[in-house]
Amino acid sequence: MSNLNYKTIFTVLFLLVFSVSAFAQTPQYYNFDTIPGGTNSSPFAQTGGKAMNNLFLAEEFNKPTPLPAGKRITAVYFHTGTAGTRTFTNLHILLKQDIITTLTTGAFYPGPYDTVFVGDTSLTSTVGGWMKITLKNKFNYDPTKSLILFVGQCGASGSGLNIYNAVMAGSIRRTLSVGGCPFVASTGGDAIFAHFGVDVEPAAPVFTLPDLIYYKFKNNPSPASTPNFAIPGVGTNPAPLTTLTLTSGGQFDSCLSGTATASAKIATGYNLSTGTSSFT
């Protein structure tokens with residue numbers, strides 16, 4: 001020890017602290033991280049499988065700052081209280097948003113959900129750490145609505161993965177399954193919900209498309225015996241062609257051509273009128 005000066009000791013301590021911090025996982029946004037008196041084995045630390053339905057209220061992901069609008073969730077986190085690794089069969093995570101503030105006694109939220117993760121996988125937990133699960137399908141998040149989580153697994157081997165929970169009296173925030181797959185909701189429900197966090201990124205822009213309509217015309221044989229119909233994308237199938245002639249389109253197969261009248265139409269939900277001029 002006499003050969004070490006204070007600068008060397010400080011450097012070693014800094015590297016140790018930095019190394020631990022570099023591998024620590026903390027969600028960008030979360031609800032709680034205050035450690036209560038105990039942890040719960042559902043749903044991850046149940047060998048025979050287990051499902052958990054959890055409700056997180058609007059604007060509840062407010063640590064270290066409120067989760068803003070315009071984001072999509074890329075990963076979810078559970079705050080764990082026991083160390084270990086478990087291997088899961090058919091671990092699946094589903095998310096949904098709604099304006100509800102409580103679940104229903106003795107029932108899972110009916111959905112429909114978005115499936116954001118599914119697969120056979122292994123997860124590792126630490127005491128007081130955050131266990132991260134990267135989603136296979138990203139989920140657009142609306143901070144004005146509650147987030148509903150359904151997580152289930154059909155068999156687990158290993159150790160660890162108990163999770164911390166919080167309690168919000170006066171509402172049903174959690175419903176557990178009676179056992180493993182296929183999941184059946186327990187007859188009750190409680191006010192417990194997981195210490196839960198998320199990573200996010202900017203949500204993808206939403207494009208609104210106009211009504212789309214297309215027609216696939218029956219090949220026109222030669223010599224002409226004209227099949228006078230079309231297969232539309234929407235509406236009546238086949239689509240009647242009123243006073244229109246199907247002729248050869250050369251290398252592009254078939255086309256409509258002729259001199260239209262006011263009654264010339266492709267009639268299929270939408271009525272396409274060609275007016276009264278010549279057309280191809």
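**Reading the core and a sheet**

Modeller: In this predicted model, the largest nonpolar core holds 34 residues, of which Phe44, Ile73, Val76, Phe78, Leu147, Leu149 and Phe196 touch the most other members.

Colleague: What is a nonpolar core?

Modeller: A nonpolar core is a set of buried Ala, Val, Leu, Ile, Met, Phe, Trp, Tyr and Cys residues joined through side-chain atoms within 4.5 Å, where buried means under 20% relative accessible area with a 1.4 Å probe, protein chains only. Here the largest share of the core, 5 residues, comes from S6, and apart from this core lies another of 12 residues, including Phe108 and Ile172.

Colleague: Which residues is Leu149 in contact with, leaving aside its neighbours within four places in sequence?

Modeller: Contact means heavy atoms within 4.5 Å, and on that basis Leu149 is in contact with Met52, Asn53, Asn54, Phe56, Phe78, Ile93, Leu94, Leu95 and Phe196.

Colleague: In what order do the 4 strands of the open sheet stand?

Modeller: Strands of a sheet pair through backbone hydrogen bonds, either parallel or antiparallel. Strands are DSSP runs (E, at least two residues), numbered from the N terminus, and two of them pair if DSSP finds at least two bridges between them. In this sheet the order is S1-S12-S3-S6, with antiparallel pairing; S1 (29-30) and S6 stand at the edges with a single partner strand each, so one side of each is left without a neighbour in the sheet. S1 and S12 pair over 2 bridges, and Tyr30 has Gly197 in S12 as its bridge partner.

Colleague: What conventions apply to the numbering and to the side-chain values?

Modeller: Residues are numbered from 1 along each chain as its sequence is written, and side-chain values use heavy atoms, with hydrogens and water left out. Local features need pLDDT of at least 70 and side-chain atom pairs count only at pLDDT 80 or more, while totals for chains, interfaces and linings use all residues.

Terms used: Buried < 20%, exposed > 50% of the residue type's maximum accessible area, 1.4 Å probe, protein only.
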